[in-house]
Amino acid sequence: MNGLNIAKKVGLEICKCKKIFAPVTCEISSSGVENLVKENFKNPRADFVAWQIQNIFWGKFDGEKLFSTAEVTPQFWLECRIFNDSEELHLKRVENKLRGRYVTEIEGSSDFYADSFSRFWGENKGAANGFVKLLDRQRKLFMEIPCENINAQWYGLLTRNYISSDEKTGLSGYTDYRFVAIEPAKEGI
């Protein structure tokens with residue numbers, strides 16, 4: 001029995017899609033990233049997360065511009081993910097460019113995936129302009145996340161994990177993943 005059959009047997013929902021992958025490159029600037037999203041995304045609205053040396057921050061792309069509660073300065077980005085429910089750009093700083101890949105899906109094809117959900121630390125301490133303020137006093141963590149549903153106490157990140165099997169061994173495992181959405185969470189999850 002291969003790994004995919006075992007996953008189905010233990011109740012993990014396995015879905016099918018066709019993953020389409022394309023390498024991408026852009027200048028390290030707001031306009032470079034914005035143009036890359038406009039050129040690739042079929043749905044121009046998306047959320048993003050950017051890793052800098054000193055922090056991680058979340059934001060939105062409204063179809064024209066990147067915006068956040070923090071200053072959007074790609075010149076300081078080490079990595080970013082711009083994502084919505086059907087596609088993602090994952091970029092990393094390589095010398096003087098942002099390089100990475102664009103991923104989208106076509107439903108019902110031959111590739112397998114399983115979605116997972118990870119709750120963020122902190123609980124809702126207020127919202128403004130489509131961003132929810134999460135605070136974890138014990139860990140001294142504060143984060144503002146983009147979210148349409150601003151009334152939940154807890155939030156988390158939905159991640160899509162792509163599964164492949166090795167023909168020789170029959171073993172299956174995650175071979176890639178992408179961010180899908182920020183969603184409300186239940187306590188304890």
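A residue counts as buried when its relative accessible area is under 20%, and as exposed when that area is over 50%. The model is predicted, and side-chain atom pairs count only at pLDDT 80 or more.

**Exercise 1. Classify Tyr102 as buried or exposed, then describe the ring pair that Tyr102 forms with Phe41.**

Step 1. The relative accessibility of Tyr102 is 5%, so Tyr102 is buried. Phe41, at 6% relative accessible area, is buried as well.

Step 2. The structure contains nine aromatic pairs. In the pair of Phe41 and Tyr102, the ring centres are 5.8 Å apart and the planes meet at 50°, so the geometry is tilted.

Step 3. Phe41 belongs to the loop between α2 and β2, whereas Tyr102 belongs to strand β7; the pair therefore ties together parts 61 residues apart in sequence.

**Exercise 2. Find the geometry of the ring pair Trp58 and Phe120, and state which parts of the chain the pair links.**

Step 1. The centres of the two rings, Trp58 and Phe120, lie 5.4 Å apart with planes at 70°, so this pair is edge-to-face. The cut-off for that class is an angle over 60 degrees.

Step 2. Trp58 sits in strand β3 and Phe120 in the loop between β8 (111-119) and β9 (123-128), so the pair links distant parts of the chain, 62 residues apart.

Step 3. Trp58 is buried with a relative accessible area of 5%, and Phe120 is buried with 11%.

Step 4. Ring pairs join Trp58 and Phe120 with Phe83, Tyr177 and Phe179 in a cluster. Phe179 also has a charged residue over its face: Arg81, at 4.7 Å from the ring centre.

**Exercise 3. Which residues touch the most other members of the largest nonpolar core, and which elements give two or more residues to this core?**

Step 1. The largest nonpolar core has 21 residues, and Phe48, Trp77, Ile82 and Leu89 touch the most other members.

Step 2. The elements giving two or more residues to this core are β1 (15-27), α2 (30-40), β2 (45-52), β3 (56-62), β5 (77-83), β6 (87-94) and β7 (97-107).

**Exercise 4. Describe how β5 is enclosed and how β5 pairs with β2 and β6.**

Step 1. Of the seven residues of β5, five are buried, so the strand is largely enclosed by the rest of the structure.

Step 2. β2 and β5 run antiparallel and are joined by six bridges; Gln52 stands opposite Trp77 of β5.

Step 3. β5 and β6 are also antiparallel, with five bridges, and Cys80 has Leu91 in β6 as its bridge partner. Three residues separate β5 and β6, which form a hairpin.

Key. Residues are numbered from 1 along each chain as its sequence is written. Side-chain values use heavy atoms; hydrogens and water are left out. A nonpolar core is a set of buried Ala, Val, Leu, Ile, Met, Phe, Trp, Tyr and Cys residues joined through side-chain atoms within 4.5 Å. Buried means under 20% relative accessible area, exposed over 50%, partly exposed in between (1.4 Å probe, protein chains only). Helices (H or I, at least four residues) and strands (E, at least two) are DSSP runs, numbered from the N terminus. Rings of Phe, Tyr and Trp (its six-membered ring) pair if their centres lie within 6.5 Å; planes under 30 degrees apart count as stacked, over 60 as edge-to-face and the rest as tilted. A charge sits over a ring if NZ of Lys or CZ of Arg is within 6 Å of the ring centre and within 35 degrees of the ring normal. Two strands pair if DSSP finds at least two bridges between them.
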